[in-house]
Amino acid sequence: MTTATIPKQDLDNITAEDVEKLAGRLERDDYANPFAALEDWHLLRAIAFHKAELVEPYLYLLDIEAYDEA
C-alpha cells in the first residue's frame, strides 16, 4: 500500500508500535527491491506530517535537514 492510498484517518490511527515496526524495517534495509524501501520511507514521512511525535525518535531515517533560507 502506498502512502497515496492511505487515508488520513488511517494515519491518525497509527500507533507508536506501528511506527517502531516500520522504522525497524527501514533500519534493517532488508527489502526485495528498492521500491519497497521507498514505500516505507514515504509512509514514515507521511506519518511525520500527521503525528510528528511518533516519528521523532526515527527522524534520522528521513534524512530531513533544516534549511536557512534567510
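Predicted model: local features only at pLDDT ≥ 70, side-chain atom pairs only at ≥ 80, totals over all residues.

User: How much of the chain is buried?
Analyst: Of its 70 residues, 30% count as buried. The accessible surface of the chain is about 5200 Å², and carbon and sulfur atoms make up 53% of that.

User: Okay, on to the core. Which residues touch the most other members?
Analyst: In the largest nonpolar core, which has 16 residues, those are Leu11, Val19, Leu44, Ile47, Val55 and Leu61. The elements giving two or more residues to this core are H2, H3 and helix H4 (52-55).

User: Which one gives the most?
Analyst: That's H3, with 5 residues.

User: What does valine 55 contact, leaving aside its neighbours within four places in sequence?
Analyst: Valine 55 is in contact with Val19, Leu44, Ile47, Ala48 and Leu62.

User: Let's stay with H3. How far does it reach?
Analyst: From first C-alpha to last, H3 reaches 25 Å over its 17 residues, close to the 24 Å expected at 1.5 Å a residue.

User: Which H3 residues are buried?
Analyst: The buried ones are Ala37, Asp40, Leu43, Leu44, Ala46, Ile47 and Ala48.

User: What caps the N-terminal end of H3?
Analyst: Asparagine 33 does: one of its side-chain oxygens lies 2.9 Å from the backbone nitrogen of phenylalanine 35.

User: New topic: how many salt bridges are there?
Analyst: A search of the whole structure turns up 1 salt bridge. The side chains of aspartate 40 and arginine 25 meet there, at 2.8 Å from N to O.

User: What does that pair tie together?
Analyst: Aspartate 40 sits in helix H3 (residues 34-50) and arginine 25 in helix H2 (residues 16-28), so the pair ties together parts that are 15 residues apart in sequence.

User: Why would two side chains pair like that in general?
Analyst: Side chains can pair because they carry opposite charge, when their charged atoms come close.

User: Is aspartate 40 buried or exposed?
Analyst: Aspartate 40 is buried, because its relative accessible area is 10% and the cut-off for buried is under 20%.

User: And where does arginine 25 fall?
Analyst: Arginine 25 counts as partly exposed, with 34% relative accessibility.

User: Great, that's what I needed, thanks!

Definitions and conventions
Residues numbered from 1 in each chain as written. Heavy atoms only, no water. Buried < 20%, exposed > 50% of the residue type's maximum accessible area, 1.4 Å probe, protein only. Areas by Shrake-Rupley, 256 points an atom, 1.4 Å probe, with all protein chains shown as cover. Salt bridge = Lys/Arg side-chain N within 4 Å of Asp/Glu carboxyl O. Helix = DSSP H or I, 4+ residues; strand = E, 2+ residues; numbered from the N terminus. Core = buried A, V, L, I, M, F, W, Y, C linked by side-chain atoms within 4.5 Å. Contact = heavy atoms within 4.5 Å. Expected span 1.5 Å × (residues − 1). Polar contact = N/O pair within 3.5 Å; in protein donor to acceptor, adjacent residues only side chain to side chain.
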